[in-house]
Amino acid sequence: MRLVEALKSRTAALKVAEVAQLLGVTPQHIYKMAASGNIPSFRVSGAVRFDPDEVASWLQGKQGLGAAVRSIPRPKVAA
């Protein structure tokens with residue numbers, strides 16, 4: 001996965017705008033995810049920052065969860 005590799009190659013903390021761009025969502029969405037604890041983050045003097053390794057691990061976990069959900073057979077609905 002190129003996104004995970006790109007994250008793991010980073011050494012400095014990521015800003016909200018950088019994470020938003022990488023994930024293809026708005027910065028507001030990233031702020032909401034960080035505030036609710038849905039994405040690993042930390043604060044530096046009130047600014048939200050992200051550890052690239054933690055975000056990469058989080059993404060890999062999400063990828064594995066998605067594959068597991070897709071593999072569960074769906075119940076057939078009677079017409």
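Strand E1 and strand E3 (residues 47-50) run antiparallel and are joined by 2 bridges. This description rests on a predicted model, in which the protein has 4 helices and 3 strands. Along the sequence, these elements follow the pattern α-β-α-α-β-β-α.

**The sheet**
- The 3 strands form an open sheet in the order E1-E3-E2, and the pairing is antiparallel.
- Strand E1 (14-15) and strand E2 (42-44) are the edge strands, since each of them pairs on one side only.
- Within the pairing of E1 with E3, lysine 15 has arginine 49 in E3 as its bridge partner.

**Leucine 3**
- Leucine 3 lies in helix H1, which covers residues 2-8.
- Leaving aside residues up to four places away in sequence, leucine 3 touches Leu22, Leu23 and Leu59.

**The protein as a whole**
- Of the 79 residues in the protein, 22% are buried.
- Among contacts with a separation of 6 or more, 44% are between residues 24 or more positions apart.
- The protein has an accessible surface of about 5,800 Å², and carbon and sulfur atoms account for 55% of that surface.

Technical notes
Residues are numbered from 1 along each chain as its sequence is written. This is a predicted model: local features need pLDDT of at least 70, side-chain atom pairs count only at pLDDT 80 or more; totals for chains, interfaces and linings use all residues. Side-chain values use heavy atoms; hydrogens and water are left out. Buried means under 20% relative accessible area, exposed over 50%, partly exposed in between (1.4 Å probe, protein chains only). Contact means heavy atoms within 4.5 Å. Accessible areas come from the Shrake-Rupley method with a 1.4 Å probe; for residues, only the protein chains shown count as cover. Two strands pair if DSSP finds at least two bridges between them.
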